[in-house]
Amino acid sequence: MKNPPSLDQLIAALKVLPGVGPKSAQRMAFHLLQRDKAGADKLARALDRALLNLRHCERCHTFSETPLCNVCADDKRRQEVLCVVEMPADLLMLEQTRCYDGLYFVLMGRLSPMDGVGPKDIDLERLIARACDGVVAEVIVATNFTAEGEVTAHLIAEMLKAQGLKVTRIARGMPVGGELEYVDPGTLAQAMYERRTLS
């Protein structure tokens, strides 16, 4: 027996989520359609609203509903320090530590030659332009301590040091292979305090 086309489309749409395979997507689809139609409607409306209203902040590249996100619009933040992270979840995690009061740049990814992700895919030219605005004096590279995150950090450091900027890297209080989103705030705060200059 074949599924109705609309059910197959829903299952295929759910499979685009990270970590969701065919069986999980099918289970989710059946649950939403049979047991939680209100939840399915809420999910559809929220996704539609997000696609309609969200854009990238003009300065830091994170998601925002306004031209500047609330962090970039806050004039009490230190303007001369810029922290580079891979994803918006990493920015949120650093904000939870309450140990950093500068600004951010969100790459929306990391270099991954195996997956075909190069410097243009994570908009490194935009980062260079942002960091060389004449105000930024230090760039903190806070990419994850994965192989891809380390390659990304190295390339960013080389590009920014060539522009005469001070570049530091968060300390390895973070577990090797760890991702900022999953680290406890205390460990992340310690890594931020113990950052070092990249050589």
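Is Arg110 buried, exposed or partly exposed, and what is its relative accessible area? Arg110 is partly exposed, with a relative accessible area of 24%. This is a predicted model.

**Helix H6**

- Helix H6 runs over residues 147-161, which makes 15 residues. From the first C-alpha to the last it reaches 21 Å, close to the 21 Å expected at 1.5 Å a residue.
- The buried residues of H6 are Gly149, Thr152, Ala153, Ile156, Ala157 and Leu160. Seen down the helix axis, these buried residues fall within an arc of 130 degrees, so they line one face of H6.
- An α-helix has 3.6 residues a turn, so residues three or four places apart point the same way.
- Ala147 and His154, on the other side of H6, are exposed.
- The packing partners of the buried H6 residues are strand E3 (81-85), helix H5 (124-131), strand E5 (138-141) and strand E6 (166-169).

**Glu138**

- Glu138 lies in strand E5, one of the elements against which the buried residues of H6 pack.
- Glu138 counts as buried because its relative accessibility is 10%, under the 20% cut-off.
- Leaving aside residues up to four places away in sequence, Glu138 touches Glu80, Val81, Leu82, Lys166, Thr168 and Arg195.

**Cysteines**

- The structure holds zero disulfides. A disulfide is a covalent bond between the sulfur atoms of two cysteines.
- For Cys57, the closest cysteine sulfur is that of Cys72, at 3.7 Å. That is too far for a bond, because the sulfur atoms of a disulfide must be within 2.5 Å.
- Cys57 is buried, and its relative accessible area is 0%.
- Cys83 is in no disulfide either, and the nearest cysteine sulfur, in Cys99, is 8.8 Å away.
- Cys83 is also buried, with a relative accessible area of 0%.

**Salt bridges**

- The count comes to nine salt bridges. Side chains of opposite charge can pair when their charged atoms come close.
- One of them joins Glu95 and Arg77, whose closest N and O atoms are 2.8 Å apart. This pair links distant parts of the chain, 18 residues apart: Glu95 is in helix H4 (residues 88-97), and Arg77 is in the loop between strand E2 (63-64) and E3.
- Glu95 counts as partly exposed at 24% relative accessibility, whereas Arg77 counts as buried at 11%.
- Glu80 forms a salt bridge with Arg78, and the closest N and O atoms of the pair are 3.0 Å apart.
- Glu80 counts as partly exposed at 31% relative accessibility. Arg78 is partly exposed too, with a relative accessible area of 34%.
- Arg78, Glu80 and Asp101 are linked in a network of salt bridges. Glu80 is also among the residues that Glu138 touches.
- Glu179 forms a salt bridge with Arg110, with 3.9 Å between the closest N and O atoms. This pair also links distant parts of the chain, 69 residues apart. Glu179 is in the loop between E6 and helix H7 (185-193), while Arg110 is in the loop between strand E4 (103-106) and H5.
- Glu179 counts as partly exposed at 28% relative accessibility, and its partner Arg110 is partly exposed at 24%.

Conventions. Residues numbered from 1 in each chain as written. Predicted model: local features only at pLDDT ≥ 70, side-chain atom pairs only at ≥ 80, totals over all residues. Heavy atoms only, no water. Helix = DSSP H or I, 4+ residues; strand = E, 2+ residues; numbered from the N terminus. Expected span 1.5 Å × (residues − 1). Buried < 20%, exposed > 50% of the residue type's maximum accessible area, 1.4 Å probe, protein only. Arc of directions from axis to C-beta. Contact = heavy atoms within 4.5 Å. Salt bridge = Lys/Arg side-chain N within 4 Å of Asp/Glu carboxyl O.
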